[in-house]
Amino acid sequence: MLGLPRGRLVSDQGIEALRTYQYKSANYSYLYAHVNKPIATFFVKLTPLSIAPNTITLTGLLCSVAAYIAMFLYCPTLTETAPTWVYVFVAVCLFSYQTLDNMDGQQARRTGTSTPLGQLFDHGCDALNLTLMGVCFAGTLQLGTPLSFVMLLVGYTEFWLATWDEYHTGELYMGQLSGPDEGLTLTFMLTLLTGIMGPAFWHKPLLFDTLTLAHMVIGFGVVTGFATALTHFGRVHRANVTMFRHAMGQHVVWVSFTTLLALLCVPTPASLVPAAAETAAASPFLVFSLAGTTFAYCVGRLILSHVCRQYFALVQNCKVLVLLLVPVLNRWVGLLVSGRAVLSENAVLAACLAVAALMYGHVAVRVISEVTDALDIYCFSNKHGSAHNADVEAHIGSGGRSHLERRLSVKGRERADTGVSNASSTYEDAPMA
C-alpha cells in the first residue's frame, strides 16, 4: 500500500497539457509590488544569464535549511533561548529565501526559459519551506510544541487552500495579505527584532495577565488565515458551482493531516494518562519534519495534477499520510494501555521521516525526469548553452522571443495543425524554468 509509485507519473495526456500549459496568477500584495519585487529585480540584474532559475530556487531552499539546522542545534524543544547570532542568522536566511524566490521567476522570463517545470519546482520548494520557516519562527517565539502546531496549522491551511483554489480555477491567487510576501516579511523582521531585544519580551503579559505578545502574533495569523480561507472557498464556488461539493470532498486530505498532526502535538491530560507529561513535547523537530514532508508530498501531487490536467486521486496521491498514522498509534495505543508509547517515539518518528523523505525524493526525481524529457530541457542548467544565452542577450529589451520560446511555439503550431488545442506555448507568464 505504501510502496513507491509505479508506472509513469505524467500520462500522455499530461505531457500534452504540459506543452500547452499557461501559468496564471493574481498577486494583489502592495508589499510585493512596491518592495519585494523591486528588490528581486535589483539582484536579478546582477545574476549571470547562465544561472538557471531552478538553481536560484534551490539555493533559496538551502538557506532555509541552514536556518532550520541552526534553530535545531540551539533550540531543540522550541523553548530555549538561542544566542543572538542565531536569530540574526535565521532572519538573514529567511530574507534570502524570499528574495531568491522572487528572483527565479524574473530570471526565467529574462532568459526566456520559463516552463511548467519551474512552477512545479518552485511550489515544491515553497511547500517544504513552509515547515522550515514556521518552525524557525516558533523557536524564535519560544512557543513549544502545542502552540507551534497552532501557528504552523495556519500556514498549512493557507497553502493547501491556495493550491486547491489553483487546481479548480486555474489561477494562483494571492491577496493583499499573503504568506509569501507580508507573512514572510513579518517573520524575518520579527526574528531580527528578537535578535536585537532578546526573546523574553514575547512572553511579558499584556492583557488579563495571561495573553502575551506571542499569543497576539498567533491570533493575528489565525484571523488573517480565516479571511484568506473564505476568499479561496468563494473563488472555487464561483468558478465551479456544480462541482463544488466534489471539490470540498478533497479536503479530506487536509482534515486527515490536521487530525493526525494534532494527535502528535497536543499533550494528553495528566489526569488521563499520568506518564504523558514527558511525551507531549517529544522531539518537535522530528514531528514537524515528518509533517512537513508528508504535507509537501500531498500538495506536490495536487500541483502536478493541476499542471498536467490529471485527476487528483485521493488515496493514490496521499497514502503517505499513513506515515503520520504510525507514530500516532505508537503513542496513543501505548499511552492508553500502559501509560507510555509502545516503542521509542523518537525512533518511530525518525523511521517514518526516513521513509517519507525517500518517497518524496523518489517522486520529485521522477517528475523532474519525465517533465524534462517531455519538454526537452534541463532542470538546473540551460540545455542550449551559450548559443541560447547570446540569443537571449539579443532579445532582452527588444520584445523578441528566445530560442526556447520560439521552439515551443513551433511545437504548439504543429499540434494545432493536428487538432490539438494549444492555449499557450511560449509560457511568457510562467514563474520560472
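The legends below describe close-up views of a predicted model.

Residues are numbered from 1 along each chain as its sequence is written, and side-chain values use heavy atoms, with hydrogens and water left out. Because the model is predicted, local features need pLDDT of at least 70 and side-chain atom pairs count only at pLDDT 80 or more, while totals for chains, interfaces and linings use all residues.

**Figure 1. The protein chain as a whole.** The protein chain holds 17 helices and four strands. Helices (H or I, at least four residues) and strands (E, at least two) are DSSP runs, numbered from the N terminus. Of the 433 residues in the protein chain, 55% are buried. Buried means under 20% relative accessible area, exposed means over 50%, and partly exposed lies in between (1.4 Å probe, protein chains only). Among contacts between residues at least 6 apart in sequence, 80% join residues at least 24 apart; contact means heavy atoms within 4.5 Å.

**Figure 2. The aromatic pair of Phe 42 and Phe 43.** A search of the whole structure finds 15 aromatic pairs. One of them is formed by Phe 42 and Phe 43, with 5.2 Å centre to centre and 80° between the planes, and is edge-to-face. Rings of Phe, Tyr and Trp (its six-membered ring) pair if their centres lie within 6.5 Å; planes under 30 degrees apart count as stacked, over 60 as edge-to-face and the rest as tilted. Phe 42 is exposed, at a relative accessible area of 52%, whereas Phe 43 is partly exposed, at 36%.

**Figure 3. Phe 149 in helix H6.** Phe 149 belongs to helix H6 (residues 144–169). With 9% relative accessibility, Phe 149 counts as buried. Leaving out residues up to four places away in sequence, Phe 149 touches Thr 258, Leu 261, Ala 262, Cys 265 and Phe 288. Phe 149 and Val 266 are 117 residues apart in sequence, yet their C-alpha atoms are 8.2 Å apart in space. Cys 265, one of the residues that Phe 149 touches, is buried, with a relative accessible area of 0%. Cys 308 is likewise buried, at 1%. A search of the whole structure finds zero disulfides, a disulfide being a pair of cysteine sulfur atoms within 2.5 Å.

**Figure 4. His 232 in helix H8.** Helix H8 (residues 213–239) contains His 232. His 232 is buried, with a relative accessible area of 2%. Apart from its neighbours within four places in sequence, His 232 is in contact with Glu 158, Leu 161, Ala 162, Trp 164, Asp 165 and Tyr 173.

Figure 5. The structure holds two cavities of 30 Å³ or more. On a 1 Å grid over the protein atoms alone, a cavity is a set of points where a 1.4 Å probe fits but cannot get out, and a pocket is an open set with protein on both sides within 12 Å along at least five of seven lines; lining residues have an atom within 4 Å of a point. Grid points are joined across faces, edges and corners, and a volume is the space filled by probe spheres set on the points. The second largest cavity has a volume of about 50 Å³. Its lining consists of Trp 160, Val 253, Trp 254, Phe 257, Thr 294, Phe 295, Cys 298 and Leu 321. Helix H10 (252–265) and helix H12 (284–307) are the elements that give two or more residues to this lining. The lining residues divide into seven nonpolar, one polar and no charged. Here Ala, Val, Leu, Ile, Met, Phe, Trp, Tyr, Cys and Pro count as nonpolar, Asp, Glu, Lys and Arg as charged, and the others, Gly among them, as polar. Phe 257 and Phe 295 also belong to one aromatic cluster with Tyr 156 and Phe 159.

**Figure 6. The second largest pocket.** Helix H3 (53–74), helix H5 (116–141), H12 and helix H15 (345–375) each supply at least two residues of the lining. H5 provides the largest share, seven residues. By residue class, the lining of this pocket has 16 nonpolar, four polar and one charged.
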